[in-house]
Amino acid sequence: MKNILIIGSLGQLGSEIATRLRQLYGDSHVVLTDIRNDVNTDLIQGGPFHVVDCRDGERLSELVSRYKIDTIYHLAAILSATAEKNPLKAWDVNMNGLMTALEIAREHHCALFTPSSIGAFGPTTPKKFTPQDTVQRPTSIYGVTKVAGELLCDYYHHKYDVDTRGVRYPGIISNMTPPGGGTTDYAVEIYYAALESHHYECFLQGDTYLDMMYMPDAVNAAIQIMEADPRMLRHRNAFNVAAMSFSPEEQAAYIRTHIPDFTISYRIDPVKQAIADSWPDSLEDYAARVEWGWKPSYDLASMTADMLKTIGQRMQKQGGTTR
Ligand code: NAD
Ligand code: AKB
């Protein structure tokens, strides 16, 4: 049985990866940490939980020894839009947090999962069907930390034989925990607004294409790559994983098949638009499919149906509010 530590466990991805890992391995085998403890009470009370800053190597190392941890999911980070407001903090949390996790993985012989992002690409990257191995010159500080993180994880594998693995996630869409300050957050907000007011004011232009993925597929990717046969992994870190690519206009059209009077308008946020314009329209994910069997289950139609159904049911239970 694995003993797993999750760093940054209460965020959009962490809360759902933690829930699935606890179902798979048992509550007491999945130790959660985050810098906050004011959300997701069920997770905090459902098994071991500790408030720890991801840069605090001493505390994390002590937890790894105490719980005999063999696998770490490092998910603490500052996302793209928030990072642009405070680049120094983003560098500090994203890079020193990752370096701390890598050093602990090296010292304690743990496997380490860390996600990169479509943010690791930039304006000179091929925009359509972006290849696995290609130009990476991002223009956001978030992207700079993601490329550096990919390289660091490869370095720790080559130099110290640390079992580092990771994927480049697209924008993740989910309904358990709100997204944490990214450029792709609009694609989640739109479903809540559609149910609450039948209208959404979008901060990106209607024709901006970005890669997206529904949370169940994102959770599967994280767990599947950590279970993969290491002999099959040629890339190890930062596998492109794709599921769907769409624009706000197209997403609105799919929502209209469920809520016919839904409307969308646009008030562009120039910082987020510039970030989105620098990212690919769609990724090619052949390496992940061949090396560890990646295959998504959801497309825009099935995700939209599930998001509206799940949030709608919650809204009915809560007497008209969705959150
Ligand atoms: P999030 O912002 O929702 O969650 C991050 C968590 O980290 C939060 O619970 C936060 O409290 C915690 N955290 C922040 N600073 C910390 C610190 N100093 N110490 C400890 N914990 C701290 O982010 P997420 O969407 O869950 O992203 C998880 C990872 O996946 C990140 O590396 C992110 O870059 C990557 N990713 C996310 C997406 C997406 O669309 N959500 C897409 C691509 C990549
Ligand atoms: C963000 O928009 O910052 C994230 C991501 C794609 O990395 N959702």
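I looked up helix α3 (residues 57-66) and helix α5 (residues 87-108), which pack at an angle of about 35° with their axes 10 Å apart. Helices here are DSSP runs of H or I with at least four residues, numbered from the N terminus. The axes are lines fitted to C-alpha atoms over the stretch in contact, and angles run from 0 to 180 degrees between N-to-C directions.

The model is predicted: local features need pLDDT of at least 70, side-chain atom pairs count only at pLDDT 80 or more, and totals for chains, interfaces and linings use all residues. Residues are numbered from 1 along each chain as written, chains are lettered from A and ligands numbered from 1 in the order written, and side-chain values use heavy atoms, without hydrogens and water.

I then listed the contacts (heavy atoms within 4.5 Å). From α3, G57, L60, S61, V64 and S65 meet T100, I104, E107 and H108 of α5. I sorted these residues by class and got three nonpolar, five polar and one charged. Gly counts as polar in this scheme.

Next I turned to ligand 2. Around ligand 2 I found L79, S80, S117, I118, Y142, G171, G182, T183, T184 and W279, each with a heavy atom within 4 Å. By class, this shell has four nonpolar, six polar and no charged residues.

I noted the polar contacts (pairs of N or O atoms within 3.5 Å). An oxygen atom of ligand 2 lies 2.6 Å from a side-chain N or O atom of Y142. A backbone N or O atom of T183 is 2.7 Å from an oxygen atom of ligand 2. The side chain of T184 has an N or O atom 2.8 Å from a nitrogen atom of ligand 2. Alone, ligand 2 exposes 250 Å², and the protein buries 94% of that (Shrake-Rupley method, 1.4 Å probe).

Note on methods: Helices (H or I, at least four residues) and strands (E, at least two) are DSSP runs, numbered from the N terminus. A polar contact is a pair of N or O atoms within 3.5 Å; within protein, one must be able to donate a hydrogen and the other to accept it, and residues adjacent in sequence count only if both atoms are side-chain atoms.
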